[in-house]
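The sequence and structure come first.

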Amino acid sequence: MSTLVANIGLLVTNEEGRSERENAALVIDDGRIAWVGDAASAPDADERIDADGRCVIPGFVDSHSHIVFAGDRSDEFEARMIGQKYAAGGIRRTVGLTRQATDAELAANTARLVAEMRAQGTTTVEIKSGYGLTTVDEARSLAVAKAFTTETTYLGAHVVPAEFADDPAGYVGLVTGEMLDACARHAKWIDVFCDDGAFDVDQARAILEAGMAVGLGARMHGAQLGPSGAVCLAVELGAASVDHCTFLTDADVDALAGSDTVATLLPGVEFSTRQPYPDARRLIDAGVTVALACDCNPGSSFTSSMPFCIAVAVRDMRFSPSEALWAATAGGAAALRRTDIGGLAVGQRADLVILDAPSYVHLAYRPGVPLVKRVLTAS
Ligand code: NIG
Ligand code: FE
């Protein structure tokens, strides 16, 4: 079954050298892009969708989320808006509520958030565990995540749970031992929160190396709350991505620039913690590959909207609109080491969004307006 998407006013393919085409069309065959070209020379297909002059972009790749959880922390957000500082300790509240929730409750909450994401144009999402922090609760969180995505991440090292407060080394032993054994079969990635109030650089190294030894790819939460050795460690270990990057040193930027590690920026976090936004310009100008993601979670960033993140990135982080769109699509794909998503070149997955707008610039120009007209996915 083939589908022609005809009459596209502006098509973004993210192809090297020719990433935008005016008056274009594309053909989808068997879930893949089979043809891209001028609207006037479009071939026939079994089915025809008329884009009516609208803009078509690749589906968003949200490469960082924590959407397997129970409960609400809007009281913390309210307190921050009148001066309270964000701290990693709030994670333990969600851990308590998540442990009490049934599998069905966790799956229903995750399904609701995945549906929100899809309605806003996200066609691939990475989902982390990290609100269970026991062997059983981490494994069941990942089993829930696996029902929604292949991009699952084991984050047993989110924080040290209360019952290990006096024995952090014992908790690292659990995360790298029995818990890893139970979680590895459900996960593609391993992540660690390396920051004040979570894990230090030596603990983070031990945790990522243990995951890599059983075949998981490394990711990192780093430099969210202050500068640390997290970013350089992520680069040294060949992590696919280091996420947050809010407080970077010159050495961090140099290390990222000479590496394959993507810097993933999470505008929703700075928006809802009132921290300063990271300087995307500094990273992009240094040649670092930058991704944008939502970091959807109940504590630091409870948004599921990639269009919102793009708008903030353009307004407050010095991205151009086209750089922000690239970071939210191809950048996210790079952060997941995927070449089949994040673009609409021939051979890539037919994951795409028809915007109710003539240009992707409207994603930032019309903040808060639902501009996703239609989402098509390969499966
Ligand atoms: O990416 N920084 C660590 N983890 C999440 C926050 C989780 C929470 O506050 O519940 C983040 O911001
Ligand atoms: Fe996160």
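## Domains

The chain splits into two parts: domain 1, made of 2–58 + 344–376, and domain 2, which covers 60–335. The model is a predicted one. Between the C-alpha centres of domain 1 and domain 2 the distance is 30 Å.

Contact between the domains involves 14 residues of domain 1 and 17 residues of domain 2. On the domain 1 side, the elements contributing two or more residues are β5 (55–58), α14 (362–365) and β16 (372–376). That side of domain 1 consists of 12 nonpolar residues, one polar and one charged.

## Overall fold

The chain contains 14 helices and 16 strands. Its radius of gyration is 20 Å, close to the 21 Å given by the globule rule for 379 residues, so the chain is as compact as a globular protein of that length. Along the principal axes, the C-alpha atoms fill a box of roughly 70 × 45 × 40 Å.

Of the 379 residues, 55% count as buried. Among contacts in the chain with a separation of 6 or more, 70% are between residues 24 or more positions apart.

## Ligand surroundings

Around ligand 1 there are 13 residues, of which I91, F193, N297, G299 and S300 come nearest. By class, the shell around ligand 1 holds four nonpolar, eight polar and one charged residues.

Note on methods. Residues numbered from 1 in each chain as written. Chains lettered and ligands numbered in written order. Predicted model: local features only at pLDDT ≥ 70, side-chain atom pairs only at ≥ 80, totals over all residues. Domains from an automatic or database assignment. Contact = placed C-beta atoms within 7 Å. Helix = DSSP H or I, 4+ residues; strand = E, 2+ residues; numbered from the N terminus. Nonpolar A, V, L, I, M, F, W, Y, C, P; charged D, E, K, R; others polar. Near = placed C-beta within 6 Å. Rg over C-alpha atoms; globule rule 2.2 N^0.38 Å. Buried ≥ 20, exposed ≤ 12 C-beta atoms within 10 Å, placed from the backbone.
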